[in-house]
Each structure stands twice: as structure tokens, then as C-alpha cells.
Amino acid sequence: MAVSAKKETKCVKTREKERMELKFSKEQILNSARYIGNRDLVDALLEEDKSYSYEMVENLMEKYRKGKVK
């Protein structure tokens with residue numbers, strides 16, 4: 001039983017990692033419910049011709065928010 005539980009946990013972690021590594025266009029991300037409250041920021045940060053994972057978008061937003069105020 002313990003081996004089966006370990007395999008199941010590993011499969012769940014693998015699926016979560018794969019989901020995080022999926023890449024989307026700027027338009028898909030802007031239309032996503034996940035970023036509805038940050039749509040303007042996401043629109044300003046992302047480039048049209050690139051694909052982004054959720055992790056990449058989160059990192060860009062965090063980096064922007066931690067930037068120095070002039």
C-alpha cells in the first residue's frame with residue numbers, strides 16, 4: 001500500500017508541474033479568469049509574439065511590483 005501511495009503522490013506532483021509548464025499566448029492569458037483583477041498589468045508586461053506559463057506571468061508581476069519607485 002505504501003508504494004502505491006508514493007506512486008500516486010508522484011503522479012499528482014508530475015501533473016501539477018506539467019500544468020504549470022503549459023504555455024499560453026498573451027491573448028489567452030488576458031482572457032483567463034485567473035488574471036481578471038490584474039488584466040491591465042498583464043497586458044502591459046506581456047509581449048504579443050511570446051508564450052508564457054502561469055509561473056512566468058506570476059514572476060513578471062512579482063518583479064514589477066517589487067520594482068523601485070522613482
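These legends go with a few close-up views of the structure above. What you're looking at is a predicted model, in which local features need pLDDT of at least 70 and side-chain atom pairs count only at pLDDT 80 or more, while totals for chains, interfaces and linings use all residues. Residues are numbered from 1 along each chain as its sequence is written, and side-chain values use heavy atoms, with hydrogens and water left out.

**View 1. The largest nonpolar core has ten residues.** Its members are Ile-29, Leu-30, Tyr-35, Leu-41, Val-42, Leu-46, Tyr-52, Tyr-54, Val-57 and Met-61. A nonpolar core here is a set of buried Ala, Val, Leu, Ile, Met, Phe, Trp, Tyr and Cys residues joined through side-chain atoms within 4.5 Å. Buried means under 20% relative accessible area, exposed means over 50%, and partly exposed is in between (1.4 Å probe, protein chains only). Helices (H or I, at least four residues) and strands (E, at least two) are DSSP runs, numbered from the N terminus.

**View 2. Leu-41 and its contacts.** Skip the neighbours within four places in sequence, and Leu-41 is in contact (heavy atoms within 4.5 Å) with Met-61, Tyr-64 and Arg-65. Leu-41 and Met-61 both turn up in the core of View 1.

**View 3. Lys-26 meets Asp-43 in a salt bridge.** The structure holds four salt bridges, each a side-chain nitrogen of Lys or Arg within 4 Å of a carboxyl oxygen of Asp or Glu. In this one, the closest N and O atoms are 3.1 Å apart. Asp-43 sits in helix α3 and Lys-26 in helix α2, so the pair ties together parts that are 17 residues apart in sequence. Lys-26 counts as buried, at 7% relative accessibility, whereas Asp-43 is partly exposed at 38%.

**View 4. Lys-26 also pairs with Glu-48.** Here the closest N and O atoms of the salt bridge are 3.5 Å apart. This pair links distant parts of the chain, 22 residues apart: Glu-48 is in the loop between α3 and β2 (51-52), and Lys-26 is in helix α2. Glu-48 counts as exposed, at 62% relative accessibility.

**View 5. Glu-47 and Lys-50 form a salt bridge.** Their side chains meet at 3.6 Å, N to O. Glu-47 is partly exposed, with a relative accessible area of 41%, and Lys-50 is partly exposed at 41%. Back at Lys-26, salt bridges that share partners join Lys-26, Asp-43 and Glu-48 into one network.
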